Structure formats: structure tokens, C-alpha cells
Amino acid sequence: MQDALVWAGSYNSVVTGTFGRRTYEAIGAWQSRGGAASATGILDEAGRGALLAAGEAARKAARFTVAADPATGLVLGIPERLLSKRSRIAGGTRWQSPDGRVTLDTRAYAPGEADLDTLHAQAAAATPERKVTYSLKRPDFTVVTGETPTGKFYIRTAAGAAGLRGFTLSYDKGSAREMDRLVIAIANSFVPFPGEAAPPPPRPMAATAPDPAAKAPASAAPAAPGSVAATGIVVAPRRVVAVLPAACSAPRIAGEPARILRRDEAAGLVLLEGQAPAGAALALAAAPPRPEEAVVVVAAGAEGPTVTTGEIAAGGVLAPLQPGAAGAPVLDRAGRLLGLVARLPAQPRLVAGIVPPLTHPLVGAAALKALLGAEAPASPASEAKPLTAGAIAGRVAGAVVAVRCGP
């Protein structure tokens with residue numbers, strides 16, 4: 001139904017298969033446009049049939065065709081009515097609108113011909129004339145979206161046994177009303193390595209605003225035994241603060257059992273004693289976070305700390321976080337601690353295979369001070385210069401540890 005809403009022009013977000021506020025509002029908007037006496041946001045059987053028919057009609061009008069690209073081997077959906085010009089380019093295929101305002105390029109690299117890290121760095125490079133609005137890198141895929149003064153772009157690259165495959169979609173802002181809708185359909189049709197025995201790498205999220213209503217629940221089931229249940233921060237020798245589900249009664253740090261010294265049930269915080277490294281001293285920010293303030297989240301992962309950028313939003317931090325990021329420090333661009341990520345679900349909310357940026361509640365500095373008392377990090381006396389995300393992660397990584405549950 002969300003896919004039909006996309007094609008009907010009512011739903012401009014990612015297709016999740018989960019009913020939420022955006023879907024409710026999109027159905028209501030579609031009902032209002034159709035002249036319904038009451039826009040309820042809920043579909044009866046007749047309404048479902050009408051919406052599916054409208055979505056299918058729009059798909060056919062765009063002549064949206066999902067097929068393999070002979071030049072690269074990947075599978076992609078092409079709106080052939082709009083992208084009627086087709087030509088070969090080095091390593092791939094180019095589809096373009098007759099006026100040149102929309103261009104879709106595919107590209108394939110043989111094993112060893114290109115490096116995913118290098119391609120991501122190139123795609124995510126920002127300049128005064130090129131703003132990156134979303135950047136995500138994982139071991140087997142990258143997604144980058146952004147804007148120029150006159151246009152928008154969406155870049156997706158996946159890694160597999162056959163090498164690297166991906167596509168770049170760029171379009172004039174004058175065509176954004178139609179193209180923002182088509183980006184979702186194209187992205188969800190992308191299969192980089194059809195026919196491989198393993199499942200294809202996750203598909204990219206669409207270049208649209210995240211759902212501000214989608215928040216992590218106040219409580220969550222514990223992670224599977226042995227997996228990273230949460231991120232802990234070292235606050236003193238053998239002292240770690242974490243955000244843990246109540247069911248995690250046997251936390252472990254560095255493979256050894258950790259003892260729960262204190263717990264704040266309201267905030268979900270626990271103070272643990274365990275095998276923690278000396279870490280790095282974290283300083284609390286003197287002022288509370290500001291709306292839209294850029295932040296960095298450093299979380300513990302199975303293979304070491306991970307860094308994610310985001311921003312402060314109403315109700316918490318807006319960032320694409322994995323479940324193990326519960327308890328991760330949220331830092332301002334000077335590396336000062338603004339708070340900790342509150343509990344996340346045990347399983348990630350995936351959108352076309354990718355964890356999208358969502359608003360996650362924060363445990364603020366006040367709760368941290370209340371739990372730690374005299375052991376709470378101090379606030380710096382003066383302002384500090386802004387740092388890059390990498391520099392902040394380098395400073396903080398030593399204070400971040402993985403907390404696991406069970407034996």
C-alpha cells in the first residue's frame with residue numbers, strides 16, 4: 001500500500017511495510033484529493049482497491065520497467081517515459097531525459113579494480129557547491145545523497161564477489177516533485193548481484209526526510225546472547241555507564257562478568273564494575289543541546305567502535321543507529337558529552353535493508369550526574385574549537401566499550 005501511495009504522489013518517504021503516522025497522513029491526503037467525504041487515514045476494502053489501481057496506473061504511465069542492465073549485470077527499475085535516451089558509458093549505461101535534466105548512470109567494477117572506501121570518500125566529499133545530506137557506509141554498501149545549487153543526487157554502491165556495482169541518479173531541482181517520488185521506486189528495485197547464492201546487499205534508503213515520529217520504544221528485549229547489547233562509556237577505572245534492558249541481568253565487558261553497582265530505572269542507566277580500559281576523559285557540555293545542532297555518536301560494534309553523524313531533533317538525536325548504540329555517547333562538534341542514546345529495539349528497523357535515520361530519545365546530562373554523583377565528568381570552563389567527526393571518534397573511542405548479555 002505504501003508503494004501505491006508513492007506512485008499516487010501522497011507518500012514521499014521510504015517504503016517500510018509498517019503502518020505509522022506518515023502512512024496514516026498519506027492515506028488521508030490521498031482520500032482528500034480523491035474527494036472523499038471524510039479523510040479517515042484508514043482504508044476499507046474498496047479504498048484499498050482504488051489506491052492499488054491508482055498506484056499501478058501511475059507506474060504504467062511512467063513506463064517503470066525493472067530489468068537487468070547488460071553492461072553491468074545489476075537489476076534496476078527505469079522510468080522509461082522520462083529517461084528515454086539510453087547510451088553506453090565507460091563501465092556502465094546512461095539513461096537520460098531528452099532535455100538532459102535527469103541522468104541515471106550505472107557502473108560496475110571488476111574485483112580489485114576499485115575500492116569501496118575510496119568510492120565512498122569521493123561520493124561523500126562536500127564542497128561549497130556540493131552539500132551532502134546523507135552519508136552511510138557499511139562493509140558491503142554505501143549510500144550518499146546531496147544537493148548542488150541547482151540539483152540533487154543519489155549515489156549507491158554495493159560490494160560483492162563479482163566486484164562493485166552501483167548507480168548515480170542526478171536531477172534538476174525543477175523536476176524534484178516527480179523525481180523525489182521516483183528515487184524511492186528506483187532505489188527499492190536495485191539488485192546489484194542477481195543470482196548470487198547469498199542474499200543481495202541491503203538496498204538504499206530513499207533521499208527523503210526521516211520520520212520524526214518514529215522513536216525507539218522506552219524498553220526493548222535483550223539482544224541475543226553474545227551479541228553487543230549496548231554501548232558503555234568508561235567514567236573511571238573499572239567503572240562503566242550503560243543503558244541496558246532490564247532483562248540483561250548478566251552483563252559482560254571484555255568477556256568478563258560485570259557487576260551492577262547502581263541502576264536508575266527511570267532513565268534506564270546502570271553503573272557497572274568490570275574489566276574496562278582506562279579510556280579517555282569525557283567532558284560534559286556546559287549547556288543543553290540546541291535544536292538542529294550537529295552531533296557525533298560513537299557506538300560499540302562487533303568489530304570495534306563506529307561513528308555516526310546526526311543532529312539534535314525534537315525528542316532526541318536524529319541518526320541512523322544500530323541496536324548496539326543504546327548508551328552510546330552523543331557529542332557536540334567540540335567533543336563534549338551531550339547525553340547518551342536511550343534504549344533501542346533488539347532488532348534494527350530496516351527500510352529496504354538499511355537502518356534509516358530516526359529520532360532516538362536521549363538520556364541527558366542531569367540523569368548521568370545523578371547516577372554518578374562525584375564521579376560525573378566535569379564540564380569544561382571554556383569553549384573548544386570544532387573538530388571533525390573522525391577527530392572526535394579518535395578521542396572518544398578509548399572510552400567506549402561493548403556490553404554483552406548472558407554467558
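Predicted model: local features only at pLDDT ≥ 70, side-chain atom pairs only at ≥ 80, totals over all residues.
Visitor: Let's start with Thr-72: does that residue count as buried or exposed?
Guide: Thr-72 counts as buried, because its relative accessibility is 6%. Buried means under 20% relative accessible area, exposed means over 50%, and partly exposed is in between, using a 1.4 Å probe and protein chains only.

Visitor: OK, where is Thr-72 found?
Guide: Look in the loop between strand E1 (64-68) and strand E2 (75-79). Those labels are DSSP runs numbered from the N terminus: helices (H or I) have at least four residues and strands (E) at least two.

Visitor: And what is Thr-72 in contact with?
Guide: Skipping neighbours within four places in sequence, Thr-72 is in contact with Gly-91, Gly-92, Thr-106, Arg-107, Ala-108 and Arg-165. Contact here means heavy atoms within 4.5 Å. Also, a polar atom of the Thr-72 side chain lies 3.4 Å from the backbone nitrogen of Leu-74.

Visitor: Switching topic: which strands form the open sheet?
Guide: There are 7 strands, in the order E13-E12-E23-E10-E11-E15-E14, and the pairing is antiparallel. Two strands pair if DSSP finds at least two bridges between them.

Visitor: Which strands stand at the edges?
Guide: E13 (256-257) and E14 do. Each has a single partner strand, so one side of each is left without a neighbour in the sheet.

Visitor: How do E14 and E15 pair? What's in the turn?
Guide: E14 (residues 259-264) and E15 (residues 269-273) are antiparallel over 5 bridges. Arg-259 has Glu-273 in E15 as its bridge partner. The two strands form a hairpin with 4 residues between them, and Gly-268 in the turn has a positive phi of about 80°.

Visitor: What about E11, how many of its residues are buried?
Guide: 4 of its 5, so E11 is mostly covered. E11 (residues 239-243) runs antiparallel to E15, joined by 5 bridges. In that pairing Val-241 stands opposite Leu-271, and Ala-242 stands opposite Val-270.

Visitor: And how many bridges pair E10 with E11?
Guide: 4, again in the antiparallel sense. Gly-232 has Ala-242 in E11 as its bridge partner. The hairpin of E10 and E11 has 2 residues between the strands, and Arg-238 takes a positive phi near 60° there.

Visitor: Which helix lies across E10, E11, E14 and E15?
Guide: Helix H6 (residues 365-372), running at about 40° to E15. Axes are lines fitted to C-alpha atoms, for helices over the stretch in contact, and angles run from 0 to 180 degrees between N-to-C directions.

Visitor: Last topic: how many aromatic pairs does the structure hold?
Guide: It holds 3. Rings of Phe, Tyr and Trp (its six-membered ring) pair if their centres lie within 6.5 Å; planes under 30 degrees apart count as stacked, over 60 as edge-to-face, and the rest as tilted. One of the pairs is Tyr-154 with Phe-167, stacked at 5.8 Å centre to centre with 10° between the planes. Both residues are buried.

Visitor: What does Phe-167 form with Phe-190?
Guide: An edge-to-face aromatic pair, 5.1 Å centre to centre with 70° between the planes. Phe-167 lies in strand E9 and Phe-190 in the loop between helix H5 (176-189) and E10, so the pair ties together parts 23 residues apart in sequence. Tyr-154, Phe-167 and Phe-190 form one aromatic cluster.

Terms used: Residues numbered from 1 in each chain as written. Heavy atoms only, no water. Polar contact = N/O pair within 3.5 Å; in protein donor to acceptor, adjacent residues only side chain to side chain.
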